[in-house]
Amino acid sequence: MAILSKEQAEAILKKALSFSKADECTVTLGGSEGGNIRYARNAVSTAGDSSQMSLGVTSAFGKRSGTATINEFDDASLQKVVRRAEELAQLAPENPEYMPILGPQNYLEPVGFKASTAAMNPDKRADDVAKSLKVAKDSKLEAAGYLENTTGFNAVMNSKGLFGYNRSTDVSFSVTMRTPEGTGSGYVSKSYNDAGKLDTLALTKIAATKAAGSVGAKAIEPGKYTVILEPLAASDMMGNMFGGFDARNADEGRSYMSKKGGGTRLGEKLFDDKVTIYSDPLHPDLPFSTFSFDGRPQQRTVWVDKGVVKKLSYTRYWAQQKNAEATPPPGRVVMEGGNSSLEDMIKGTDKGILVTRFWYIRLVDQQTLLLTGLTRDGTFYIENGKIQFPIKNFRFNESPVIMLNNVEELGRPERTENMIVPPMKIRDFTFTSLSDAV
Amino acid sequence: MSAMGVGAIAIPKSFLLGREIDPLRAAYEAMDVAQKKQLADAALNAARAKGATYADVRIGRYLNQFVSTRENKVQGVANTESFGAGVRVLANGCWGFAASDNVTKENIAKVAERAVAVAKANAKIQGEPVQLAPQRGFGEVSWKAPIEKNAFEVPVKEKVDMLLAANAIAMGAGANFVNSAIFAVNEQKYFASTDGSYIDQDIHRIYPTFNVTKIDQANGKFDTRRSLSTPMGMGYEYLSPSADEKVTGVVTRYKKRYDMLEDMKAAALDVAQKIKAKSVEPGKYDLILDPSHLWLTIHESVGHPTELDRVLGYEANYAGTSFLTLDKWQTKNFNFGSKLVNIVADKTQPGSLGAVGWDDEGVKCKQWDLIKDGKLVNYQAIRDQVHIIGEKESHGCCYSQSWADVQFQRMANVSLQPGKEKRSVQDLIKGVSKGIYIIGDGSFSIDQQRYNFQFGGQTFYEIKNGEIVGMLRDVAYQANTQEFWNSLVDIADKDDYRLGGAFNDGKGQPPQSNAVSHGSATSRFNGVNVINTARKI
């Protein structure tokens, strides 16, 4: 019952709104159902399923607003939650930044739901994991992995007649393969909205190849190197940079998007020519909700075009202050790339390091977006267009802003977890120390 | 893409699980214990009837409150309440788990049946059956955190007034921006198992925090200083300042009572000094680490690698494994650190985040040694793991973040014992010719086997010839865990012992949050590699 149709959701939201006595009222309804299975040491460790639905009410009297949520849906409960939100609103201090709610909006038709994913059950999950475990057994490696599928919906309605409904599915799979002695480790992680694309056997084989190939890693000196970042490694770095696209922080002078002397770097060329980043709720491989949390429509938005910052995201309040377009932050982002495969990129590299993924990335300096973290689960030395040998993991200290200025080549983009990014060849990537971790 | 600003304070994910409730009547529609027992028995009986060889049920009400402000504005007041039940079973030698927020006798029995079905589906691909350490039942028992003032009974207005008063102090002292918040948590947990335990517990946590930002617009620079508070397993009494609980020095730090207004003033002055401070010269330094900083290094480099599930590979696909492999422990002579390194795991320490009476699989909590005189002596293990280290009883450190998630091994409080000899912080600093004194935690990163780490901090003071000579910036230190703990040469005594802690330590898939404290006294580490983190973009 956690996944409601558009009509079912609309009926509950209408009913809840009918109890409102506030000046303005917004009602949201969201639910999800799905399951997961986790394994380690070549056996299942935990598994479970979940089903949740929740209704949220935001009521406002003038500039005072309050929010309450509930997970029961009979008339008495709906009435109770509306009253609670109204009581909270009357107790809250006036919020000078409160914005009147939006009227009806036109939303794109969402594309994120796939029946194949919604149909996954405990037996299907167990079968998929069994395929992965078979690879481990056949190759005499130890597997630890996680498979999770989720179906979700969200709907919004308000007292000015706005209504939106969105439904989506996702399946995520990751597996780490290790040699029994712990001397080699390989990893893959992929997500899809269509479970029909998930091939746990093929993905586990990639991890197994990396595990076997990373045995006998040699230590090389830390320093600045040309690196080829696989899409997962690239998205690990990129995932940390989008907070900076918030216009208010930039205007307030506390972001790498802030301009010396005041203002933002909107319109400036901040990255290499090859960098173009956009978001699109209708992207077939990376869809997201066609409206934002506060009911603003989501549409295709170019954030960076050929290295130039084209858009920053605004709250409705800040957009009004700055007389700017109130672009909501995107659900998910896509970075464009080229046509080269990872193999082509390795072939074209005289000297460099191939990075499978990064781990434990943390912000070191907000000013420059300097990040630290480590390579993990397969790091290799490239010379004369070939992988020569595995190398020990490095700690890096590098900023994605600097990294996206040092782009040599971008390959064919692919979806990792919640991003589509290309493999990247980057010069002068800064490794600062060696790690003994495998 | 997150709209969360650099200075903003994120709402912990665990806060978003529940439904919101009226803050003025935050409390408790607490369910009668007799009623919980009936529900629990319905679940346990249904699990047994379907063939479970063991079952436990957790019926929980989780209350959270989050009050956040910036400058002179209240940004949010959210109260959430989440109520439901989770049932874990062993069937055909395999674990199964299911949960629901519909807690009736009929439905909880169905949840138990679903858990058995999950266990049986997975048993088909299970290797070795689970070996569960025996645990005696405790009958009907209860435990309550020894709080003095329930944070959920303090009016929201009182909290808002304090935060706004604190913000005004920062702005008055020259800050450009300030964010502040109070988080409060109350877990009302009822546990029952087929071993014959019925355990009712009431747990409280509180975390007041702020972040002050200073901008130098002409130079395009900004910097921040976060509060020196720490999350505690306490009630609102943590926010009642007390002179006895203060540690004076280069800046005032706090034991079991926090003075937010005083710390806010100090932070505004600190950040003004920090933004103009000298950029550190990279190289080897002796580090004097304050407990407000050292807790996080202990957490990452001692707490995590001594978790047995990581050692065994259960976290290989996510949090990672551990360099403290079983062969090292088996030698009984593995040199983890210098002789001064004595580290205990503890689930009972009053005021700590990890303190409870029983863990989430019905094991009575205790304290035990992890590192003794520098040697690795034990791990942190739960019921389905202790047989691997030849023990018959769980250590009692199993935890789940809510009724909706399955319980698993989580970190106990892990603390460095203070020095036995009378030593003050000043005594420690006196002996340093080239060093850095670090206060507060900052950036943190460690590899997946816990060898190589890098830590920042909030404020950094240069020490020359036994004296503090000024503030530094752009400081981070990198080290290897074993080398670092072997470089520990001096620890202050128990008068300087304080707790720090993590409110939201993540582990597991799907990820779960755990709260844990780490105690220490100020400590000196010799010859640690310091890097300069300044860059130009």
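Residues are numbered from 1 along each chain as its sequence is written, while chains are lettered from A and ligands numbered from 1 in the order in which they are written. Since the model is predicted, local features need pLDDT of at least 70 and side-chain atom pairs count only at pLDDT 80 or more, whereas totals for chains, interfaces and linings use all residues.

We begin with chain B as a whole. Chain B contains 9 helices and 28 strands, where helices (H or I, at least four residues) and strands (E, at least two) are DSSP runs, numbered from the N terminus. Its C-alpha trace spans about 70 × 55 × 45 Å along the principal axes. For 537 residues, a compact globule would have a radius of gyration near 24 Å, and the 24 Å of chain B agrees with this; the radius is taken over C-alpha atoms, and the globule rule is 2.2 Å times the number of residues to the power 0.38. Of the 537 residues in chain B, 61% are buried; a residue is buried if 20 or more other C-beta atoms, placed from the backbone, lie within 10 Å of its own, exposed if 12 or fewer do, and partly exposed in between. Among the contacts in chain B with a separation of 6 or more, 75% link residues 24 or more positions apart, two residues being in contact if their C-beta atoms, placed from the backbone, lie within 7 Å.

Which residues of α3(B) are buried? They are Val156(B), Lys159(B), Leu163(B), Ala166(B), Asn167(B), Ile169(B) and Ala170(B), and because they cover an arc of only 160° around the axis, they lie on the same side of α3(B). The arc is that of the directions from the helix axis to the C-beta atoms. As a general rule, an α-helix has 3.6 residues a turn, so residues three or four places apart point the same way. The buried residues of α3(B) pack against β2 (54-70), β3 (73-91), β6 (177-193), β7 (197-216) and α4 (260-274) of chain B, whereas Glu158(B), Asp161(B) and Gly172(B), on the other side of the helix, are exposed. Just after α3(B), Gly174(B) takes a positive phi of about 100°.

Strand β6 of chain B, one of those packing partners, holds Val185(B), which is buried because 24 other C-beta atoms lie within 10 Å. Leaving aside residues up to four places away in sequence, Val185(B) touches Asn64(B), His204(B) and Arg205(B).

The strands also form sheets, in which two strands pair if DSSP finds at least two bridges between them. In chain B, 4 strands form an open, antiparallel sheet in the order β15-β14-β13-β18, with β15 (375-376) and β18 (413-416) as the edge strands, each pairing on one side only. Within this sheet, 4 bridges join β13 (residues 343-346) to β14 (residues 367-372), and Ile343(B) stands opposite Ile371(B) in β14(B).

How do the two chains meet? In chain A, 89 residues are in contact with 65 residues of chain B, and strand β2 (residues 43-61) of chain A gives the most to its side, with 9 residues. A parallel pairing of 2 bridges joins β2(A) to strand β4 (residues 94-100) of chain B, where Ala98(B) is the bridge partner of Asp49(A).

Finally, some backbone details deserve a look. Most residues other than glycine have a negative phi, and most peptide bonds are trans. Asn92(B), in the loop between β3 and β4 of chain B, has a positive phi near 50° and is partly exposed, with 18 other C-beta atoms within 10 Å. Asp474(B) has a positive phi of about 60° and counts as buried, with 21 C-beta neighbours inside 10 Å. The peptide bond from Gln509(B) to Pro510(B) is cis, with omega near -5°, and Pro510(B) sits in the loop between β26 (498-507) and β27 (512-520) of chain B.
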